2 protein chains.
Amino acid sequence: MKKLMNDPADFVTQSVAGMVMAHSDLVSLNSTPLYVTRAGAPAAGKVGVISGGGSGHEPLHAGFVGPGMLDAAVPGPVFTSPSPDPIQAATAAVDSGAGVLHIVKNYTGDVLNFDMAKELAEAEGTEVASVLVEDDVAVEDSTYTAGRRGVAGTVLVEKIAGAAAQRGDDLASVAALATRAAQAVRSMGVALRAPVVPASGEASFDLSDDEIEVGIGIHGEPGRHRQAMAQADELTAMLLEPVVADLALREGNQVILFVNGMGATTSPELYIAYAAARRILEAHGVQVTRSLVGSYVTSLDMAGASVSVMRLDDELLELWDAPVKTIALRWGM
Amino acid sequence: MKKLMNDPADFVTQSVAGMVMAHSDLVSLNSTPLYVTRAGAPAAGKVGVISGGGSGHEPLHAGFVGPGMLDAAVPGPVFTSPSPDPIQAATAAVDSGAGVLHIVKNYTGDVLNFDMAKELAEAEGTEVASVLVEDDVAVEDSTYTAGRRGVAGTVLVEKIAGAAAQRGDDLASVAALATRAAQAVRSMGVALRAPVVPASGEASFDLSDDEIEVGIGIHGEPGRHRQAMAQADELTAMLLEPVVADLALREGNQVILFVNGMGATTSPELYIAYAAARRILEAHGVQVTRSLVGSYVTSLDMAGASVSVMRLDDELLELWDAPVKTIALRWGM
């Protein structure tokens with residue numbers, strides 16, 4: 001299968017370098033070890049907020065670096081956690097003295113390497129807090145995970161935590177709000193076509209022409225079941241109802257509804273799913289207060305989508321609405 | 001092939017309705033005939049700027065409706081021009097008395113239908129000017145086109161015209177600036193994989209596993225030639241050199257460099273192509289003053305990319321930098 005790339009071994013470094021080149025007003029590159037910081041980091045007096053993980057989920061995480069969101073992102077190899085070294089270096093680079101929050105998706109490699117980086121950073125005198133995102137309701141344990149996987153909900157957690165840090169909250173408060181956000185968001189996804197991994201040039205799993213995988217992970221990990229393709233309204237209900245149940249949403253709840261594309265799914269398709277999801281939530285008496293629709297947490301060029309819902313309270317809504325200026329998410333500045 | 005949709009006949013109406021539902025702060029829907037306006041249109045005293053064309057190129061055009069860019073977008077059926085009726089209705093809806101500019105991509109159907117809508121609107125007393133975008137240097141005539149096709153450069157023309165209208169220029173000035181922008185931008189694209197059309201469920205053309213189409217149109221129209229897949233650096237040079245030659249770029253010129261994804265191509269791939277394009281331009285002594293990288297003018301879920309370059313002068317740069325608030329392009333507000 002064809003990809004717009006040079007040597008597959010350079011896929012991550014060349015793309016990150018190109019991204020920083022195109023957006024040098026927003027982000028700066030550290031090549032060795034590889035991480036991306038907000039331009040002008042560290043931001044004086046502010047808690048640093050960083051995230052990272054395997055590449056292949058762009059714009060997550062580097063696309064969310066900038067005022068009001070992340071201070072740094074650490075991209076690992078495709079679908080592979082970055083080692084502790086770049087995480088530790090990024091942590092040091094964004095520490096202004098107010099400490100650093102690590103936002104970690106729940107995968108075994110990420111958890112181990114962020115934990116080790118945290119210990120190393122603490123040994124050098126940086127205060128570090130950590131929040132785990134485990135929003136995927138599809139399965140309880142998975143290929144690379146003990147417990148639930150961290151998927152698209154991560155974007156919402158990064159936005160909330162970044163806004164709290166930007167307004168001047170201390171590390172404990174930023175961590176508490178990130179935890180509250182992580183507990184308030186749940187997601188589930190479906191794959192229509194497997195992604196092609198750059199190094200192998202092969203589809204990462206087999207799916208026949210009329211088959212889909214319901215509850216897919218963002219690395220192509222198996223979900224709940226395979227079935228024949230169905231219409232968007234039916235598929236959306238299949239993704240959303242477990243989310244609604246897990247969050248125990250009740251009439252009168254206010255939510256952010258986030259329909260996320262997996263990479264190769266077009267925006268018209270995402271908006272068709274969005275309309276279906278919104279009708280379902282409204283039938284439950286749930287009010288869709290804010291919306292996000294787009295390909296923000298991808299799985300290379302997988303075709304498919306996920307639906308995430310975050311239950312809002314007044315403070316989470318205020319932090320969601322706060323200005324943000326990153327490559328992939330920008331409003332109010 | 002699978003798509004996230006319900007009845008293919010509802011693909012456009014359901015997706016547009018979902019989009020307007022998700023972004024009701026920015027856009028309003030007119031269902032019959034189908035068009036999308038900026039919320040609160042017409043904007044008092046301002047020239048209206050509208051565009052439209054076949055669907056399947058999202059976020060073009062409806063994703064660019066909002067302050068600082070378009071006042072309305074008219075989505076036709078997939079890959080098929082909207083009829084004169086919705087274009088005329090959209091024209092009337094955004095006319096505050098200052099007249100309306102039509103931005104038309106050069107395809108036979110679009111040109112005919114926008115011309116007819118212009119005549120109808122003028123007969124009802126609306127002053128209408130029109131600008132044709134024909135930025136594709138790949139071929140001189142094509143399947144649906146006499147003369148060059150209008151492709152990704154359209155986004156840049158819409159941004160420039162929208163900014164001119166927003167600052168209060170009169171219709172003649174907005175039209176003149178849009179024309180200047182259209183003459184200053186050139187593009188060329190490549191397909192790695194054909195898109196699948198919703199109605200047929202079939203790939204719109206055949207391309208073997210190691211084959212690419214250089215100079216592809218945004219409806220899958222044939223380009224210059226087919227060849228074996230090559231590395232990104234080589235492909236990017238193949239797209240960019242004809243653009244540089246056609247614009248007669250010289251040392252010291254300032255440009256916007258726009259690397260556009262065709263739908264299913266991931267952002268890391270676009271950034272790899274961007275880095276290659278930037279190196280080539282810099283080797284020509286051309287300064288990349290602004291950059292845009294993303295999937296803005298798509299061909300459903302085609303895999304591939306295009307490279308556009310706009311030669312800047314001080315006024316075009318000022319208009320490019322002006323604040324804009326749309327679904328797909330937003331800065332400064």
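Reader: What makes the 219 residues a nonpolar core, and which members touch the most others?

Author: In this predicted model, the largest nonpolar core holds 219 residues, and A:Leu101, A:Val155, A:Leu281, B:Leu101, B:Val155 and B:Leu281 touch the most other members. The term applies because such residues are buried, of nonpolar kinds, and joined through side-chain atoms within 4.5 Å.

Reader: How do you know that B:Val155 is in contact with residues beyond its neighbours within four places in sequence?

Author: Contact needs heavy atoms within 4.5 Å. With those neighbours left aside, B:Leu60, B:Phe64, B:Met69, B:Phe258, B:Leu292, B:Tyr296, B:Val297 and B:Leu329 are in contact with B:Val155.

Reader: What area do chain B and chain A bury between them?

Author: About 4400 Å², with 63% of it on carbon and sulfur atoms. B:Lys2, B:Leu4 and B:Tyr271 supply 20% of the area that chain B buries against chain A, more than any other three residues. The contact takes 51 residues from chain B and 51 residues from chain A.

Reader: How many salt bridges and polar contacts link the two chains?

Author: The count of salt bridges between chain B and chain A is zero. A salt bridge would need a side-chain nitrogen of Lys or Arg within 4 Å of a carboxyl oxygen of Asp or Glu, so no pair across the two chains is counted as one. The rule for polar contacts does find 20 residue pairs across the interface, both residues at pLDDT 80 or more.

Reader: Which element gives the largest share of the side of chain B that touches chain A?

Author: H7(B), with nine residues. By class, that side of chain B has 26 nonpolar, twelve polar and 13 charged residues.

Conventions: Residues are numbered from 1 along each chain as its sequence is written. Chains are lettered from A and ligands numbered from 1 in the order in which they are written. This is a predicted model: local features need pLDDT of at least 70, side-chain atom pairs count only at pLDDT 80 or more; totals for chains, interfaces and linings use all residues. Side-chain values use heavy atoms; hydrogens and water are left out. Buried means under 20% relative accessible area, exposed over 50%, partly exposed in between (1.4 Å probe, protein chains only). Buried area is the accessible area (1.4 Å probe) that two parts lose on being put together, summed over both. A polar contact is a pair of N or O atoms within 3.5 Å; within protein, one must be able to donate a hydrogen and the other to accept it, and residues adjacent in sequence count only if both atoms are side-chain atoms. Helices (H or I, at least four residues) and strands (E, at least two) are DSSP runs, numbered from the N terminus. Ala, Val, Leu, Ile, Met, Phe, Trp, Tyr, Cys and Pro count as nonpolar, Asp, Glu, Lys and Arg as charged, and the others, Gly among them, as polar.
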